[in-house]
Amino acid sequence: MPMQREKSKWRTHKDESTDAAYRDGTARNSDEVLEIGMERRGCVIQFWKVDNQRWEEPVDKTKSFEISKNVVMEAYKRVKANKGAAGIDDETITVFEENLKDNLYKIWNRMSSGSYFPPPVKAVEIPKKNGGKRILGVPTVADRIAQMVVKMYFEPKVEPCFHQDSYGYRPGKSAIDAIVVTRQRCWRYAWVLEFDIKGLFDNIDHELLMRAVKAHTDCKWVLLYIERWLKAPFQMGDGEIVERKAGTPQGGVISPVLANLFLHYVFDKWMERKHSQNPWARYADDGIAHCRTRREAEDLLEQMQSRFLECGLELHPDKTHIVYCKDDDRREDCPEVKFDFLGYTFRPRQSKNRFGKFFINFTPGVSNKACKAMRQTIRQWRLQLKPDKTLEDISRMFNPVLRGWINYYGRFYKSALYPVLRHMNRALICWAQRKYKKLSCHQRRAEHWLGSIAKSEPRLFAHWQMGILPSTG
(Lines give C-alpha, C1' and ligand atoms only; values in the text may rest on other atoms or scores of the structure.)
Protein backbone atom coordinates (compact mmCIF):
# COMPACT_ATOMS: atom_id res chain seq x y z
CA MET A 1 0.00 0.00 0.00
CA PRO A 2 2.76 2.53 0.82
CA MET A 3 4.42 1.49 -2.39
CA GLN A 4 1.32 2.39 -4.39
CA ARG A 5 1.16 5.84 -2.81
CA GLU A 6 4.81 6.41 -3.68
CA LYS A 7 4.15 5.58 -7.32
CA SER A 8 1.16 7.89 -7.51
CA LYS A 9 3.21 10.69 -6.02
CA TRP A 10 5.71 10.57 -8.89
CA ARG A 11 3.28 9.90 -11.71
CA THR A 12 3.73 11.92 -14.93
CA HIS A 13 1.30 14.55 -16.14
CA LYS A 14 1.59 13.75 -19.80
CA ASP A 15 -2.12 13.71 -20.59
CA GLU A 16 -3.21 16.45 -18.21
CA SER A 17 -4.30 19.84 -19.43
CA THR A 18 -2.02 22.82 -18.80
CA ASP A 19 -4.87 25.35 -19.03
CA ALA A 20 -5.82 26.84 -15.68
CA ALA A 21 -7.81 29.85 -14.56
CA TYR A 22 -6.72 32.29 -11.89
CA ARG A 23 -7.50 31.08 -8.42
CA ASP A 24 -9.03 34.37 -7.27
CA GLY A 25 -11.20 35.40 -10.19
CA THR A 26 -11.38 35.03 -13.92
CA ALA A 27 -8.38 34.81 -16.18
CA ARG A 28 -7.09 38.04 -17.66
CA ASN A 29 -7.50 38.97 -21.29
CA SER A 30 -4.61 37.77 -23.46
CA ASP A 31 -4.23 41.27 -24.92
CA GLU A 32 -3.36 42.86 -21.58
CA VAL A 33 0.20 44.16 -21.30
CA LEU A 34 0.74 43.26 -17.65
CA GLU A 35 0.03 39.81 -16.28
CA ILE A 36 0.80 38.29 -12.87
CA GLY A 37 2.16 34.78 -12.47
CA MET A 38 3.93 32.62 -9.87
CA GLU A 39 7.52 31.52 -10.22
CA ARG A 40 8.51 28.00 -9.10
CA ARG A 41 10.16 29.35 -5.94
CA GLY A 42 7.19 31.49 -5.06
CA CYS A 43 8.51 34.82 -6.40
CA VAL A 44 5.83 36.96 -7.99
CA ILE A 45 6.83 38.01 -11.50
CA GLN A 46 5.46 40.37 -14.12
CA PHE A 47 5.19 39.63 -17.81
CA TRP A 48 5.84 42.62 -20.11
CA LYS A 49 4.93 42.15 -23.73
CA VAL A 50 7.65 42.87 -26.30
CA ASP A 51 6.35 42.53 -29.84
CA ASN A 52 3.53 40.28 -28.58
CA GLN A 53 6.00 38.20 -26.54
CA ARG A 54 6.00 38.06 -22.76
CA TRP A 55 8.99 39.50 -20.92
CA GLU A 56 9.38 38.49 -17.28
CA GLU A 57 10.40 41.01 -14.61
CA PRO A 58 10.68 40.11 -10.92
CA VAL A 59 8.72 42.43 -8.68
CA ASP A 60 10.83 41.83 -5.59
CA LYS A 61 14.15 43.69 -5.39
CA THR A 62 16.77 41.18 -6.48
CA LYS A 63 19.02 43.62 -8.38
CA SER A 64 21.65 46.08 -7.21
CA PHE A 65 20.09 48.98 -9.14
CA GLU A 66 16.46 49.81 -9.85
CA ILE A 67 16.18 50.28 -13.60
CA SER A 68 12.79 49.98 -15.23
CA LYS A 69 12.35 47.71 -18.21
CA ASN A 70 9.99 50.29 -19.65
CA VAL A 71 12.93 52.70 -19.85
CA VAL A 72 15.03 50.08 -21.64
CA MET A 73 12.20 49.57 -24.13
CA GLU A 74 11.86 53.33 -24.71
CA ALA A 75 15.65 53.60 -25.14
CA TYR A 76 15.54 50.90 -27.81
CA LYS A 77 12.78 52.76 -29.67
CA ARG A 78 14.79 56.00 -29.66
CA VAL A 79 17.95 54.27 -30.86
CA LYS A 80 15.98 52.61 -33.65
CA ALA A 81 14.51 55.96 -34.71
CA ASN A 82 18.00 57.49 -34.87
CA LYS A 83 19.23 54.56 -36.97
CA GLY A 84 23.04 54.46 -37.07
CA ALA A 85 25.74 52.05 -38.20
CA ALA A 86 26.85 48.77 -36.64
CA GLY A 87 29.65 48.66 -34.06
CA ILE A 88 32.57 46.25 -33.72
CA ASP A 89 30.21 43.25 -33.67
CA ASP A 90 28.73 44.23 -37.08
CA GLU A 91 25.26 43.85 -35.59
CA THR A 92 22.72 46.19 -37.14
CA ILE A 93 19.34 47.17 -35.71
CA THR A 94 17.68 44.59 -37.99
CA VAL A 95 19.89 41.78 -36.70
CA PHE A 96 19.41 42.97 -33.10
CA GLU A 97 15.63 42.76 -33.53
CA GLU A 98 15.77 39.12 -34.61
CA ASN A 99 16.17 38.21 -30.94
CA LEU A 100 14.78 41.40 -29.48
CA LYS A 101 13.33 40.06 -26.22
CA ASP A 102 16.50 38.28 -25.14
CA ASN A 103 18.78 41.13 -26.22
CA LEU A 104 16.80 43.73 -24.28
CA TYR A 105 16.58 41.46 -21.26
CA LYS A 106 20.34 40.96 -21.34
CA ILE A 107 20.92 44.74 -21.34
CA TRP A 108 18.45 45.28 -18.48
CA ASN A 109 19.76 42.35 -16.45
CA ARG A 110 23.39 43.42 -16.68
CA MET A 111 22.71 47.10 -16.05
CA SER A 112 20.47 46.30 -13.06
CA SER A 113 23.07 44.03 -11.51
CA GLY A 114 26.00 46.40 -12.13
CA SER A 115 27.77 43.90 -14.39
CA TYR A 116 27.40 45.78 -17.67
CA PHE A 117 30.76 46.62 -19.26
CA PRO A 118 30.75 48.49 -22.58
CA PRO A 119 32.62 46.83 -25.47
CA PRO A 120 35.32 48.75 -27.37
CA VAL A 121 34.07 51.54 -29.59
CA LYS A 122 34.54 51.16 -33.35
CA ALA A 123 36.79 53.98 -34.61
CA VAL A 124 35.80 55.29 -38.05
CA GLU A 125 37.78 57.98 -39.82
CA ILE A 126 35.64 60.51 -41.68
CA PRO A 127 37.00 63.39 -43.79
CA LYS A 128 36.59 66.97 -42.62
CA LYS A 129 35.29 69.69 -44.92
CA ASN A 130 38.51 71.66 -44.59
CA GLY A 131 40.78 68.64 -45.01
CA GLY A 132 42.14 66.14 -42.53
CA LYS A 133 40.21 63.39 -40.78
CA ARG A 134 38.07 63.12 -37.69
CA ILE A 135 37.73 59.92 -35.67
CA LEU A 136 34.09 59.04 -35.07
CA GLY A 137 33.30 56.49 -32.39
CA VAL A 138 30.53 54.02 -33.27
CA PRO A 139 29.24 51.96 -30.29
CA THR A 140 27.38 48.70 -30.79
CA VAL A 141 23.58 48.74 -30.98
CA ALA A 142 23.28 47.25 -27.49
CA ASP A 143 25.73 49.81 -26.09
CA ARG A 144 23.80 52.66 -27.71
CA ILE A 145 20.64 51.41 -26.00
CA ALA A 146 22.44 51.23 -22.65
CA GLN A 147 23.77 54.78 -23.15
CA MET A 148 20.28 55.97 -24.02
CA VAL A 149 18.98 54.52 -20.73
CA VAL A 150 21.52 56.57 -18.78
CA LYS A 151 20.85 59.64 -20.91
CA MET A 152 17.11 59.41 -20.21
CA TYR A 153 17.84 59.46 -16.47
CA PHE A 154 20.68 62.00 -16.50
CA GLU A 155 19.69 64.60 -19.12
CA PRO A 156 16.57 65.88 -17.27
CA LYS A 157 18.78 66.63 -14.27
CA VAL A 158 21.33 68.78 -16.12
CA GLU A 159 19.21 70.32 -18.88
CA PRO A 160 17.52 72.97 -16.66
CA CYS A 161 20.97 74.13 -15.49
CA PHE A 162 22.36 74.83 -18.96
CA HIS A 163 22.66 78.40 -20.21
CA GLN A 164 20.01 79.72 -22.59
CA ASP A 165 22.70 80.61 -25.18
CA SER A 166 23.97 77.04 -25.39
CA TYR A 167 22.23 75.57 -28.45
CA GLY A 168 24.04 72.37 -29.44
CA TYR A 169 22.41 68.95 -28.93
CA ARG A 170 19.68 70.29 -26.68
CA PRO A 171 15.95 69.51 -26.84
CA GLY A 172 13.90 72.46 -28.00
CA LYS A 173 16.91 74.34 -29.40
CA SER A 174 18.40 74.36 -32.89
CA ALA A 175 21.18 75.84 -34.98
CA ILE A 176 18.70 78.27 -36.53
CA ASP A 177 18.00 79.67 -33.05
CA ALA A 178 21.71 80.38 -32.67
CA ILE A 179 21.82 82.07 -36.09
CA VAL A 180 18.81 84.25 -35.23
CA VAL A 181 20.26 85.57 -31.99
CA THR A 182 23.74 86.06 -33.51
CA ARG A 183 22.28 88.06 -36.40
CA GLN A 184 20.50 90.42 -34.03
CA ARG A 185 23.55 90.91 -31.82
CA CYS A 186 25.80 91.67 -34.79
CA TRP A 187 23.63 94.73 -35.40
CA ARG A 188 24.20 95.95 -31.82
CA TYR A 189 27.87 95.03 -31.35
CA ALA A 190 30.55 96.08 -33.85
CA TRP A 191 33.09 93.33 -33.09
CA VAL A 192 32.83 89.54 -32.96
CA LEU A 193 35.18 86.94 -31.54
CA GLU A 194 34.66 83.74 -33.50
CA PHE A 195 36.17 80.70 -31.77
CA ASP A 196 36.39 76.96 -32.23
CA ILE A 197 37.60 74.42 -29.66
CA LYS A 198 40.23 72.08 -31.09
CA GLY A 199 39.33 68.41 -30.67
CA LEU A 200 36.72 68.92 -27.95
CA PHE A 201 35.44 65.34 -27.86
CA ASP A 202 39.01 63.96 -27.84
CA ASN A 203 40.45 66.11 -25.05
CA ILE A 204 37.84 66.36 -22.30
CA ASP A 205 39.51 65.74 -18.93
CA HIS A 206 37.85 62.72 -17.32
CA GLU A 207 38.48 63.81 -13.74
CA LEU A 208 37.03 67.28 -14.26
CA LEU A 209 34.07 65.83 -16.15
CA MET A 210 33.24 63.34 -13.40
CA ARG A 211 33.36 66.14 -10.83
CA ALA A 212 30.78 67.99 -12.92
CA VAL A 213 28.63 64.86 -13.25
CA LYS A 214 28.71 64.24 -9.48
CA ALA A 215 27.59 67.81 -8.88
CA HIS A 216 24.28 66.99 -10.59
CA THR A 217 23.53 63.42 -9.55
CA ASP A 218 24.39 60.95 -6.81
CA CYS A 219 22.78 58.01 -8.60
CA LYS A 220 25.37 55.24 -8.25
CA TRP A 221 24.59 53.36 -11.44
CA VAL A 222 24.59 56.53 -13.57
CA LEU A 223 28.02 57.46 -12.19
CA LEU A 224 29.27 53.90 -12.62
CA TYR A 225 28.34 53.54 -16.27
CA ILE A 226 29.36 57.03 -17.34
CA GLU A 227 32.82 56.36 -15.91
CA ARG A 228 33.00 53.03 -17.73
CA TRP A 229 32.01 54.62 -21.04
CA LEU A 230 34.69 57.26 -20.64
CA LYS A 231 37.30 54.51 -20.28
CA ALA A 232 35.99 52.26 -23.07
CA PRO A 233 38.83 51.81 -25.61
CA PHE A 234 38.79 52.40 -29.36
CA GLN A 235 39.09 49.54 -31.82
CA MET A 236 40.80 50.79 -34.97
CA GLY A 237 40.15 49.54 -38.48
CA ASP A 238 43.05 47.09 -38.32
CA GLY A 239 41.75 45.61 -35.05
CA GLU A 240 44.20 47.45 -32.79
CA ILE A 241 42.79 48.34 -29.35
CA VAL A 242 43.69 51.88 -28.25
CA GLU A 243 43.15 52.89 -24.63
CA ARG A 244 41.65 56.32 -23.97
CA LYS A 245 42.73 58.57 -21.13
CA ALA A 246 40.72 61.64 -22.17
CA GLY A 247 37.69 62.56 -24.22
CA THR A 248 34.31 61.02 -24.87
CA PRO A 249 33.70 59.36 -28.27
CA GLN A 250 32.05 61.62 -30.81
CA GLY A 251 29.20 59.45 -31.98
CA GLY A 252 28.17 58.07 -28.61
CA VAL A 253 24.64 58.67 -27.35
CA ILE A 254 25.72 60.08 -23.99
CA SER A 255 28.68 62.10 -25.38
CA PRO A 256 26.81 65.30 -26.41
CA VAL A 257 25.27 65.68 -22.94
CA LEU A 258 28.65 65.16 -21.29
CA ALA A 259 30.38 67.61 -23.65
CA ASN A 260 27.72 70.24 -22.96
CA LEU A 261 28.07 69.70 -19.23
CA PHE A 262 31.86 70.07 -19.42
CA LEU A 263 31.66 73.31 -21.43
CA HIS A 264 28.92 74.58 -19.15
CA TYR A 265 31.50 74.93 -16.39
CA VAL A 266 34.56 75.62 -18.55
CA PHE A 267 33.01 78.38 -20.67
CA ASP A 268 29.34 79.20 -20.03
CA LYS A 269 29.55 79.82 -16.29
CA TRP A 270 32.95 81.47 -16.66
CA MET A 271 31.59 83.96 -19.20
CA GLU A 272 28.64 84.65 -16.91
CA ARG A 273 30.99 85.44 -14.01
CA LYS A 274 33.86 87.21 -15.75
CA HIS A 275 32.40 88.73 -18.93
CA SER A 276 28.70 89.27 -18.36
CA GLN A 277 28.84 92.36 -20.60
CA ASN A 278 29.72 90.20 -23.64
CA PRO A 279 26.78 88.18 -25.02
CA TRP A 280 27.64 84.94 -26.74
CA ALA A 281 26.16 81.92 -28.48
CA ARG A 282 27.65 78.43 -28.50
CA TYR A 283 26.76 75.35 -30.52
CA ALA A 284 28.85 72.47 -29.12
CA ASP A 285 32.49 73.44 -29.84
CA ASP A 286 31.69 76.42 -32.12
CA GLY A 287 30.98 79.77 -30.56
CA ILE A 288 30.55 83.50 -31.05
CA ALA A 289 31.19 86.27 -28.50
CA HIS A 290 30.23 89.91 -29.15
CA CYS A 291 32.31 92.94 -28.12
CA ARG A 292 31.98 96.70 -28.49
CA THR A 293 35.62 97.46 -29.34
CA ARG A 294 38.54 95.65 -30.90
CA ARG A 295 40.55 96.04 -27.71
CA GLU A 296 37.80 94.36 -25.73
CA ALA A 297 37.77 91.47 -28.21
CA GLU A 298 41.55 91.04 -27.97
CA ASP A 299 41.45 90.98 -24.16
CA LEU A 300 38.62 88.45 -24.22
CA LEU A 301 40.54 86.22 -26.62
CA GLU A 302 43.63 86.28 -24.41
CA GLN A 303 41.68 85.41 -21.28
CA MET A 304 39.69 82.74 -23.11
CA GLN A 305 42.86 81.02 -24.30
CA SER A 306 44.16 80.89 -20.72
CA ARG A 307 40.85 79.57 -19.43
CA PHE A 308 40.69 76.70 -21.92
CA LEU A 309 44.33 75.75 -21.31
CA GLU A 310 43.61 75.52 -17.58
CA CYS A 311 40.87 72.99 -18.37
CA GLY A 312 42.90 70.91 -20.84
CA LEU A 313 41.41 72.39 -24.01
CA GLU A 314 42.78 74.60 -26.77
CA LEU A 315 41.29 77.10 -29.20
CA HIS A 316 41.77 76.20 -32.85
CA PRO A 317 44.35 78.70 -34.21
CA ASP A 318 42.95 78.67 -37.77
CA LYS A 319 39.28 78.94 -36.80
CA THR A 320 39.52 81.63 -34.14
CA HIS A 321 39.25 85.22 -35.45
CA ILE A 322 38.31 88.73 -34.45
CA VAL A 323 35.84 90.11 -37.01
CA TYR A 324 34.53 93.59 -37.68
CA CYS A 325 30.78 93.73 -38.43
CA LYS A 326 31.04 96.28 -41.21
CA ASP A 327 27.96 97.97 -42.69
CA ASP A 328 26.81 101.41 -43.85
CA ASP A 329 27.27 102.89 -40.37
CA ARG A 330 30.57 101.15 -39.57
CA ARG A 331 33.31 102.31 -41.91
CA GLU A 332 36.53 101.30 -40.15
CA ASP A 333 39.15 99.37 -42.09
CA CYS A 334 39.69 95.80 -40.88
CA PRO A 335 41.14 92.78 -42.71
CA GLU A 336 38.46 90.46 -41.29
CA VAL A 337 34.87 91.46 -42.12
CA LYS A 338 33.21 88.05 -42.35
CA PHE A 339 32.95 84.81 -40.41
CA ASP A 340 31.31 81.39 -40.80
CA PHE A 341 28.97 79.97 -38.18
CA LEU A 342 26.84 76.83 -38.52
CA GLY A 343 26.87 76.75 -42.31
CA TYR A 344 26.17 80.48 -42.70
CA THR A 345 28.57 83.27 -43.67
CA PHE A 346 28.03 86.57 -41.87
CA ARG A 347 29.31 89.45 -44.01
CA PRO A 348 28.28 92.83 -45.46
CA ARG A 349 25.51 92.30 -48.01
CA GLN A 350 23.28 94.57 -50.04
CA SER A 351 19.79 94.63 -48.58
CA LYS A 352 16.57 96.55 -49.14
CA ASN A 353 14.64 98.23 -46.34
CA ARG A 354 10.86 98.46 -46.09
CA PHE A 355 10.90 101.74 -48.04
CA GLY A 356 12.64 100.13 -51.01
CA LYS A 357 16.00 101.77 -50.34
CA PHE A 358 19.18 99.69 -50.73
CA PHE A 359 21.82 99.67 -48.00
CA ILE A 360 24.74 97.55 -46.79
CA ASN A 361 23.73 95.23 -43.98
CA PHE A 362 25.84 92.76 -41.97
CA THR A 363 23.71 89.65 -42.31
CA PRO A 364 24.02 85.86 -42.75
CA GLY A 365 23.69 83.83 -45.94
CA VAL A 366 24.55 80.25 -46.85
CA SER A 367 28.32 79.77 -46.85
CA ASN A 368 30.41 78.80 -49.85
CA LYS A 369 31.50 75.62 -48.07
CA ALA A 370 27.88 74.58 -47.56
CA CYS A 371 27.05 75.34 -51.21
CA LYS A 372 29.99 73.25 -52.37
CA ALA A 373 28.92 70.34 -50.15
CA MET A 374 25.34 70.50 -51.50
CA ARG A 375 26.52 70.55 -55.12
CA GLN A 376 28.75 67.54 -54.42
CA THR A 377 25.76 65.73 -52.92
CA ILE A 378 23.69 66.41 -56.04
CA ARG A 379 26.49 65.06 -58.22
CA GLN A 380 26.68 61.94 -56.05
CA TRP A 381 23.00 61.30 -56.75
CA ARG A 382 24.00 60.70 -60.41
CA LEU A 383 20.59 61.46 -61.79
CA GLN A 384 21.81 60.97 -65.37
CA LEU A 385 22.27 57.26 -64.55
CA LYS A 386 18.63 56.84 -63.50
CA PRO A 387 16.75 56.87 -66.81
CA ASP A 388 14.58 54.01 -65.54
CA LYS A 389 13.03 56.37 -62.97
CA THR A 390 10.14 58.72 -63.67
CA LEU A 391 10.18 62.37 -62.68
CA GLU A 392 7.79 61.53 -59.84
CA ASP A 393 10.24 58.87 -58.63
CA ILE A 394 13.09 61.39 -58.65
CA SER A 395 10.90 63.79 -56.70
CA ARG A 396 10.06 61.21 -54.03
CA MET A 397 13.70 60.19 -53.69
CA PHE A 398 15.36 63.60 -53.35
CA ASN A 399 12.70 66.19 -52.62
CA PRO A 400 12.95 65.70 -48.82
CA VAL A 401 16.65 66.60 -48.97
CA LEU A 402 15.99 69.68 -51.10
CA ARG A 403 13.26 70.78 -48.74
CA GLY A 404 15.60 70.39 -45.78
CA TRP A 405 18.24 72.55 -47.47
CA ILE A 406 15.71 75.25 -48.27
CA ASN A 407 14.24 75.24 -44.77
CA TYR A 408 17.66 75.64 -43.17
CA TYR A 409 19.88 77.57 -45.60
CA GLY A 410 17.03 79.56 -47.11
CA ARG A 411 16.01 81.09 -43.80
CA PHE A 412 18.21 84.18 -44.34
CA TYR A 413 19.29 85.86 -47.59
CA LYS A 414 17.60 83.17 -49.64
CA SER A 415 19.09 84.34 -52.95
CA ALA A 416 22.51 83.00 -51.86
CA LEU A 417 21.03 79.50 -52.16
CA TYR A 418 19.78 79.97 -55.73
CA PRO A 419 22.99 78.73 -57.48
CA VAL A 420 22.67 75.37 -55.72
CA LEU A 421 19.01 75.01 -56.74
CA ARG A 422 19.88 75.91 -60.34
CA HIS A 423 22.53 73.20 -60.21
CA MET A 424 19.75 70.76 -59.32
CA ASN A 425 17.81 71.92 -62.37
CA ARG A 426 20.83 71.23 -64.59
CA ALA A 427 21.06 67.73 -63.11
CA LEU A 428 17.38 67.16 -63.96
CA ILE A 429 18.00 68.37 -67.51
CA CYS A 430 20.83 65.83 -67.88
CA TRP A 431 18.45 63.15 -66.60
CA ALA A 432 15.82 64.13 -69.19
CA GLN A 433 18.37 64.04 -72.02
CA ARG A 434 19.45 60.56 -70.98
CA LYS A 435 15.88 59.28 -70.64
CA TYR A 436 14.32 60.60 -73.89
CA LYS A 437 15.97 60.18 -77.27
CA LYS A 438 14.27 63.26 -78.71
CA LEU A 439 16.04 65.37 -76.07
CA SER A 440 19.40 63.59 -76.05
CA CYS A 441 21.23 66.07 -78.28
CA HIS A 442 19.12 69.13 -77.56
CA GLN A 443 19.88 70.71 -74.19
CA ARG A 444 17.77 73.78 -74.90
CA ARG A 445 14.80 71.61 -75.89
CA ALA A 446 15.20 69.53 -72.72
CA GLU A 447 15.32 72.71 -70.67
CA HIS A 448 12.07 74.01 -72.16
CA TRP A 449 10.41 70.60 -71.79
CA LEU A 450 11.31 70.44 -68.09
CA GLY A 451 10.35 74.09 -67.64
CA SER A 452 6.87 73.48 -69.02
CA ILE A 453 6.40 70.65 -66.50
CA ALA A 454 7.65 72.91 -63.71
CA LYS A 455 5.09 75.58 -64.63
CA SER A 456 2.21 73.12 -64.75
CA GLU A 457 3.29 71.16 -61.65
CA PRO A 458 5.36 73.53 -59.48
CA ARG A 459 4.79 71.45 -56.34
CA LEU A 460 6.72 68.50 -57.78
CA PHE A 461 10.03 69.83 -56.43
CA ALA A 462 10.57 72.11 -53.45
CA HIS A 463 12.75 74.61 -55.33
CA TRP A 464 10.21 74.91 -58.15
CA GLN A 465 7.74 76.29 -55.63
CA MET A 466 10.23 79.12 -55.01
CA GLY A 467 10.20 80.04 -58.70
CA ILE A 468 13.59 78.48 -59.52
CA LEU A 469 12.44 76.85 -62.76
CA PRO A 470 14.60 75.05 -65.37
CA SER A 471 13.81 77.67 -68.00
CA THR A 472 15.62 80.25 -65.85
CA GLY A 473 18.52 78.00 -64.88
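Analyst: Terms to begin with: two strands pair if DSSP finds at least two bridges between them. Helices (H or I, at least four residues) and strands (E, at least two) are DSSP runs numbered from the N terminus. It's a predicted model, so to speak: local features need pLDDT of at least 70, side-chain atom pairs count only at pLDDT 80 or more, and totals for chains, interfaces and linings use all residues. Residues are numbered from 1 along each chain as its sequence is written, and side-chain values use heavy atoms, with hydrogens and water left out.

User: Take the open sheet of three strands: which are the edge strands?

Analyst: The order is β12-β13-β14, with antiparallel pairing. An edge strand pairs on one side only, and that describes β12 (339–341) and β14.

User: How many bridges join β13 to β14?

Analyst: In β14, phenylalanine 359 is the bridge partner of serine 351. The strands β13 and β14 run antiparallel, and the number of bridges joining them is nine.

User: And at what angle does α12 run to β14?

Analyst: Angles here run from 0 to 180 degrees between N-to-C directions, with axes as lines fitted to C-alpha atoms, for helices over the stretch in contact. Contact means heavy atoms within 4.5 Å. Helix α12 lies across β12, β13 and β14, and its angle to β14 is about 50 degrees.

User: Where does helix α13 bend?

Analyst: The bend at a residue is the angle between axes fitted to the seven residues ending there and the seven starting there. For α13 (residues 391–409) that comes to about 50 degrees, and proline 400 follows within four residues of the bend, which sits at phenylalanine 398.

User: What do the buried residues of α13 pack against?

Analyst: Buried means under 20% relative accessible area, exposed over 50%, and partly exposed in between (1.4 Å probe, protein chains only). The buried set in α13 includes Phe398, Leu402 and Trp405. Those buried residues pack against β13 (344–352), β14 (358–366), α12 (368–381), α14 (418–435) and α15 (443–456).

User: Over to the open sheet of four strands: what does its twist average from one strand to the next?

Analyst: The strands come in the order β9-β10-β6-β11, paired antiparallel. The edges are β9 (280–283) and β11 (321–324), each pairing on one side only. From one strand to the next, the twist averages 20 degrees.

User: How far from arginine 228 is the nearest side chain of opposite charge?

Analyst: Arginine 228 lies in α9 (residues 220–231). Lys and Arg count as positive, Asp and Glu as negative, with His and the chain ends not counted, and a salt bridge is a side-chain nitrogen of Lys or Arg within 4 Å of a carboxyl oxygen of Asp or Glu. Arginine 228 is buried with no salt bridge, and the nearest opposite charge, on glutamate 227, is at 7.8 Å.

User: Why does arginine 307 count as buried?

Analyst: This arginine 307 lies in helix α11 (residues 294–310). Leaving aside neighbours within four places in sequence, arginine 307 is in contact with Tyr265, Val266, Trp270 and Arg273. Arginine 307 counts as buried because its relative accessibility is 17%.

User: Last one: what separates the C-alpha atoms of valine 79 and valine 141?

Analyst: Valine 79 lies in α2 (residues 69–82) and counts as buried, at 3% relative accessibility. Along the chain, valine 79 and valine 141 are 62 residues apart, but their C-alpha atoms are separated by 7.9 Å.
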